[in-house]
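Subject: Structure for you to look at

Hello,

Here is the structure I promised to pass on. Please open it alongside this note; the findings follow below.

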Amino acid sequence: MSTQRVFVFDLDGTILNSRNEFPLETRDVVLNILTKGDKVVFATGRMLISAKKMLDRVFGDQGNVFPIISYNGAVVYVPTEGFIYEKTIPLDVAHMVIDFFRQRNIHVHSYVDDVLYSEKDDDEIRLYSKHADVPYTIVEDLKKLREPIKLLGVAEAHTLDEIAPALQEITKGKANVFKSFPIFLDIIPEGTNKGIALELLAKHMNFDLSSTIVFGDNENDIFMFDVAGMKIAVENAVPRLKEVADFVSKSNEENGVFFALVKLFPEYLR
């Protein structure tokens, strides 16, 4: 098994700041990591197409070399191979979740075959579309679509905090429900999360999880922290993540990932 270091980066709230910017200093260190023969993986709640567009914009031609865990672990993509893992939510469970949000008049949208669907052309879908840099398709009824990779509820943070326990209860054993962003409540297939996906990727690419260095900020990153060799949280991370982190860096607004890399891994700086 390879003894290479493997750096695993979450995007939103960790590397990316509130303006959706990927700091150039961090980009340069990522490229140095590759130059030294180590690996870089990006693990995100984003759609695969959204993550790939982001990385292509930041890294140019080199953006297509990174393995990507997307949809919070429901999809694992390896360059030159394509999808090595994909799981969807059974229709009966998806319909139950859609009804749950409808009954509470909370926006919900669906991801099918890496395409974004919404029943309403509202502020929430426009906000998400701009944030993810992907188009969206309006349909009459989300329940008429095929099995989704993910569903997402969008509302004010306190609203999602209030309803999350009830949704977790009715989907127990059927789907995973957690926040990936203060205003985003993710629903992904049971038996999937970023940690399981990272374990699968490690086996597929023959690297040791004890050699992984994982960076994160939110509830969806906890699963990676559970299996990683080293755990780094940014200052803006949820308390639960910071409690188990080996190192808490500056916030994403202060380029916390770069600060941690400089502090802990100066050998990757030129």
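The second largest cavity holds about 40 Å³ of space in this predicted model. Its lining is made up of Lys52, Asp56, Gly63, Asn64, Val65, Phe66, Ile68, Tyr77 and Pro79. By class, that is 5 nonpolar, 2 polar and 2 charged residues.

In total there are 3 cavities of 30 Å³ or more. At least two lining residues come from each of α4 (123–132), β9 (150–154), β10 (175–181) and β11 (184–189).

Now the sheet. It is open and mixed, with 6 strands in the order β8-β7-β6-β9-β11-β10. β8 (136–138) and β10 are the edge strands; each has a single partner, so one side of each has no neighbour in the sheet. From one strand to the next, the twist averages 30°.

β7 (residues 115–118) runs parallel to β8, and 3 bridges join the two. Tyr117 has Thr137 in β8 as its bridge partner.

Two helices are worth checking against the sheet. α4 packs on it and touches β6 (107–112), β7, β8, β9 and β11. The direction of α4 makes about 45° with that of β6. α5 (residues 157–170) lies across β9, β10 and β11, at about 25° to β11.

Best wishes

Conventions:
Residues numbered from 1 in each chain as written. Predicted model: local features only at pLDDT ≥ 70, side-chain atom pairs only at ≥ 80, totals over all residues. Heavy atoms only, no water. 1 Å grid on protein atoms, 1.4 Å probe; cavity = no way out; pocket = protein on both sides within 12 Å on 5 of 7 lines; lining within 4 Å. Points joined across faces, edges and corners; volume = space filled by probe spheres on them. Helix = DSSP H or I, 4+ residues; strand = E, 2+ residues; numbered from the N terminus. Nonpolar A, V, L, I, M, F, W, Y, C, P; charged D, E, K, R; others polar. Pairing = 2+ DSSP bridges. Axes fitted to C-alpha atoms, helices over the stretch in contact; angles between N-to-C directions. Contact = heavy atoms within 4.5 Å.
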